[in-house]
Amino acid sequence: MKVMIVDDSSTMRRILKNCLTKLNFETIVEAGDGLEAQLVLEQNKDVALALVDWNMPNMTGYELLQVIKANDDYKNIKVIMVTTESEKTNVVMAIKAGASNYVIKPFTPEIIAEKISATLNK
């Protein structure tokens, strides 16, 4: 299964990649913002899961979520928002827009594993 990490922080992308590798995900692609993520998706139509930050330059994670869910090629991608945005209204907004799950930074590898498992088993 191919996973995409979208975060403007290279450190956070590395942390998430390490978590995914430990969970035996072998094919991981990355993007630094929503616009770059769209280009990555065009070249990787088999992405099944995306871990997306909310606050990024150029295009936010929420805007990217809306683009993914509105596109027939991508609408089946399961999106987990991984963000510092802990305001309840934002969590609800993301879930209503099609996010499969929500992880608030900082997180532990166990929380990421738990949320991915719950998302993939829905």
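I looked up Lys 45 first. In this predicted model, Lys 45 forms a salt bridge with Asp 73, with the closest N and O atoms 4.0 Å apart. Lys 45 sits in the loop between α2 and β3 (47-52) and Asp 73 in the loop between α3 (61-70) and β4 (78-83), so the pair ties together parts 28 residues apart in sequence. I noted Asp 73 as exposed, because its relative accessible area is 51%.

Next I searched the whole structure for salt bridges and got seven.

I checked Glu 30 and Arg 13. Their side chains meet in a salt bridge at 3.0 Å, N to O. The pair links distant parts of the chain: Glu 30 is in strand β2 (residues 27-31), Arg 13 in helix α1 (residues 10-22), 17 residues apart. Glu 30 is partly exposed at 29% relative accessible area. Arg 13 is buried at 15%.

Then I took Asp 53 and Lys 105. They form a salt bridge, the closest N and O atoms being 3.4 Å apart. Asp 53 lies in the loop between β3 and α3, and Lys 105 in the loop between β5 (101-104) and α5 (109-120), so parts 52 residues apart in sequence are tied together. Asp 53 is buried, with 4% relative accessible area. Lys 105 is buried too, with 14%. Shared partners join Asp 7, Asp 53 and Lys 105 into one salt-bridge network.

I also searched for aromatic pairs and found one. Trp 54 and Tyr 62 are stacked, 5.3 Å centre to centre, with 15 degrees between the planes. Both Trp 54 and Tyr 62 are buried.

Last entry: Ala 37, in helix α2 (residues 34-43). I count Ala 37 as buried because its relative accessibility is 0%. Leaving out residues up to four places away in sequence, Ala 37 touches Met 4, Val 6, Ala 31 and Leu 64.

Technical notes. Residues are numbered from 1 along each chain as its sequence is written. This is a predicted model: local features need pLDDT of at least 70, side-chain atom pairs count only at pLDDT 80 or more; totals for chains, interfaces and linings use all residues. Side-chain values use heavy atoms; hydrogens and water are left out. Rings of Phe, Tyr and Trp (its six-membered ring) pair if their centres lie within 6.5 Å; planes under 30 degrees apart count as stacked, over 60 as edge-to-face and the rest as tilted. Buried means under 20% relative accessible area, exposed over 50%, partly exposed in between (1.4 Å probe, protein chains only). Helices (H or I, at least four residues) and strands (E, at least two) are DSSP runs, numbered from the N terminus. Contact means heavy atoms within 4.5 Å.
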